[in-house]
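Here is a short report on one protein model. Please look over the sequence and the coordinates first.

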Amino acid sequence: MRTDSQCCEVECVDPTPGLPPPPVAECPASSTYTLVDSGQVSHTELAADDHVFWCLRCTTPGEVAQLTFADFDIEYNFDFLYLYDSPGMGGQYMALHGQYYQNEEMHGTISASGREAFVEYTADGSVNGQGFDATFSCGVDDGISWEDN
């Protein structure tokens, strides 16, 4: 996984002890949002035991899926936003959690290594934060990425 100084602000991680691995499950059609070329990855009405998915796809060859966060506030160490560098679960991922960007704009863009990415929000059964809001776009890879070295 390649990281840079901006990455540490959002806690880029490889699957390691201390953070639970992402759940292994298929992307249920009833819970999935599919965004093509642009859109919002946003969830501001959090509930206990939430499990929401976004499939991101870019149609232009040479462009990569990118996320730029405006707000981010979820329960630290119990609720997670997993960003997969693949069209579904199972690829390299970043796990975001906590209040890193509450009331601040995130500096930088998170870029997948290809035209498809997958986002999963999962919450435990208790405390919730204010939620998150990110813009999905397609472009040249110039941000933080979570690709293999």
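Is cysteine 55 buried or exposed? Cysteine 55 has a relative accessibility of 7%, so the residue counts as buried. Buried means under 20% relative accessible area, exposed means over 50%, and partly exposed lies in between, with a 1.4 Å probe and protein chains only.

## Basis of the model

This is a predicted model: local features need pLDDT of at least 70, side-chain atom pairs count only at pLDDT 80 or more, and totals for chains, interfaces and linings use all residues. Residues are numbered from 1 along each chain as its sequence is written, and side-chain values use heavy atoms, with hydrogens and water left out.

## Overall make-up

The protein chain has 0 helices and 10 strands. Its pattern along the sequence is β-β-β-β-β-β-β-β-β-β. These elements are DSSP runs numbered from the N terminus: helices are H or I with at least four residues, strands are E with at least two.

The chain has 149 residues, and 45% of them count as buried. Take the contacts between residues at least 6 apart in sequence: 79% join residues at least 24 apart. A contact means heavy atoms within 4.5 Å.

## The open sheet

Which strands form the open sheet, and in what order? There are 5 strands, in the order β1-β3-β8-β5-β6, and the pairing is mixed. β1 (32-36) and β6 stand at the edges with a single partner strand each, so one side of each has no neighbour in the sheet. Neighbouring strands are turned by 15° against each other on average, direction ignored. Axes here are lines fitted to C-alpha atoms, for helices over the stretch in contact, and angles run from 0 to 180 degrees between N-to-C directions. Two strands pair if DSSP finds at least two bridges between them. Strands of a sheet pair through backbone hydrogen bonds, either parallel or antiparallel.

Strand β8 is mostly covered, with 6 of its 7 residues buried. β3 (residues 51-57) and β8 run antiparallel and are joined by 7 bridges. Leucine 56 has alanine 117 as its bridge partner in β8. β5 and β8 also run antiparallel, with 5 bridges between them. Here leucine 81 has tyrosine 121 as its bridge partner in β8. β5 pairs with β6 over 4 bridges, in the antiparallel sense. Tyrosine 82 stands opposite alanine 95 in β6.

## Between β5 and β6

Serine 86 sits in the loop between β5 (80-84) and β6 (93-96). The residue counts as buried because its relative accessibility is 11%. Leaving out residues up to four places away in sequence, serine 86 touches Gly91, Glu116, Ala117 and Phe118.

## Aromatic pairs

How many aromatic pairs does a search of the whole structure find? The search finds 11. Rings of Phe, Tyr and Trp (its six-membered ring) pair if their centres lie within 6.5 Å; planes under 30 degrees apart count as stacked, over 60 as edge-to-face and the rest as tilted. Tyrosine 84 and tyrosine 93 form a tilted pair, 5.9 Å centre to centre with 45° between the planes. Tyrosine 84 is buried at a relative accessible area of 1%. Tyrosine 93 is buried at 6%.

Tyrosine 121 and phenylalanine 132 have ring centres 5.5 Å apart and planes at 55°, so this pair is tilted. Tyrosine 121 lies in β8 (residues 116-122) and phenylalanine 132 in β9 (residues 131-139), so the pair ties together parts that are 11 residues apart in sequence. Both residues are buried. Ring pairs link Tyr33, Trp54, Phe69, Phe72, Tyr121 and Phe132 into a cluster.

## The disulfide

The whole structure holds 1 disulfide. A disulfide is a pair of cysteine sulfur atoms within 2.5 Å. Cysteine 58 is joined to cysteine 138, at 2.1 Å from S to S. The link is left-handed, with -95° about the S-S bond.

What does this pair tie together? Cysteine 58 lies in the loop between β3 and β4 (64-73), and cysteine 138 in strand β9, so the pair ties together parts that are 80 residues apart in sequence. Cysteine 58 counts as buried at 5% relative accessibility. Cysteine 138 counts as buried at 18%.
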